[in-house]
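I opened this entry to look up confidence, overall fold, ligand shell and core, in that order.

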Amino acid sequence: MSLVSINEIHKHFGDLHVLKGITMDVREGDVVTIIGRSGSGKSTLLRTINGLEGIDDGAIHVDGTELVAGQKDLRALRLKVGMVFQQFNLFPHLKAGENVMLALKVVKGISKAEAREMAMAAMTKVGLAEKFDAYPDQLSGGQQQRVAIARALAMSPKVLLCDEVTSALDPELVNEVLNVVRQLADEGMTLIMVTHEMRFARDVSDKLVFMHEGRVHESGDPKHLFVNPGTPELSAFIQSVS
Ligand SMILES: Nc1ncnc2c1ncn2[C@@H]1O[C@H](COP(=O)(O)OP(=O)(O)OP(=O)(O)O)[C@@H](O)[C@H]1O
């Protein structure tokens, strides 16, 4: 069964038709990368999957439950869907570990002691246990992004959405974040990533989705598609980024 099932969804911003009938299935353990030109709708698609953006038509199911805007258990459903953004959005006045603990306490109502233990486990997973008590401004951008990943992981999501998580980083810090994501993929985490890192898309993902003008223009095995793009648009896109 699909963990995330997206069926013919449409999204408009005013007159702008941004998602034009997207259908996509993600099974447990899949690593899906979404690529495409700026403005093709990648981020919007990702944001619909945890209800950050509502949809105008179609349906999204996560773990068998339909995601409907405004429904009262949207919050419960969102707990199943973790998200990491381009900007790390850590609270500067809280230590790294406290940033990770926050949602565990506030959203899940977990006791401070238990939240601390869970946050430490998540910080350990991203290789930052020793930075638990550091403040965000004492960390590099790559480390801050790893804290943001730990914050999402600590909530034990069923699927992790990553929206251009390396785009705000200096080039030399990109790999340390990608390595963490790669490790999660190796451990069987279900991941849906919007990325401009084509090598990562090719080497790590099970499925490549190429978006073009609000549609899934091509999708399939990344290793195959990068060598044999089936459409002139994907071919041109690959050339433009390589
Ligand atoms: N909140 C919004 N209000 C109005 N228009 C929006 C909004 N969010 C996105 N758009 C528009 O929707 C289109 C798709 O945007 P989206 O961010 O999904 O594209 P993208 O493929 O992720 O691009 P990028 O790679 O530049 O992030 C763009 O034309 C964008 O300007």
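My notes on each point follow.

**Confidence.** I am working from a predicted model, where local features need pLDDT of at least 70, side-chain atom pairs count only at pLDDT 80 or more, and totals for chains, interfaces and linings use all residues. Residues are numbered from 1 along each chain as its sequence is written. I read an average pLDDT of 94 for the protein, with 98% of the residues at 70 or above; pLDDT is the predictor's confidence in each residue, from 0 to 100. The complex has an ipTM of 0.96 and a pTM of 0.94.

**Fold.** I found nine helices and ten strands. These are DSSP runs numbered from the N terminus: helices are H or I, at least four residues, and strands are E, at least two. The C-alpha trace spans about 55 × 45 × 35 Å along its principal axes.

**Ligand shell.** Which residues surround the ligand? I listed F13, L16, V18, G36, S38, G39, S40, G41, K42, S43 and T44. Strand 2 (16-27) and helix 1 (42-49) each give two or more residues. Helix 1 gives the most, with three.

**Core.** I then checked the largest nonpolar core, which has 71 residues. Such a core joins buried Ala, Val, Leu, Ile, Met, Phe, Trp, Tyr and Cys residues through C-beta atoms within 7 Å; buried means 20 or more other C-beta atoms within 10 Å of the residue's own, again placed from the backbone. I34, V84, V100, A150, L161, L191 and I192 have the most contacts inside the core. Helix 5 (residues 141-154) gives the most to this core, with seven residues. Across the protein, buried residues make up 43% of the 242.

Key: Near = placed C-beta within 6 Å. Buried ≥ 20, exposed ≤ 12 C-beta atoms within 10 Å, placed from the backbone.
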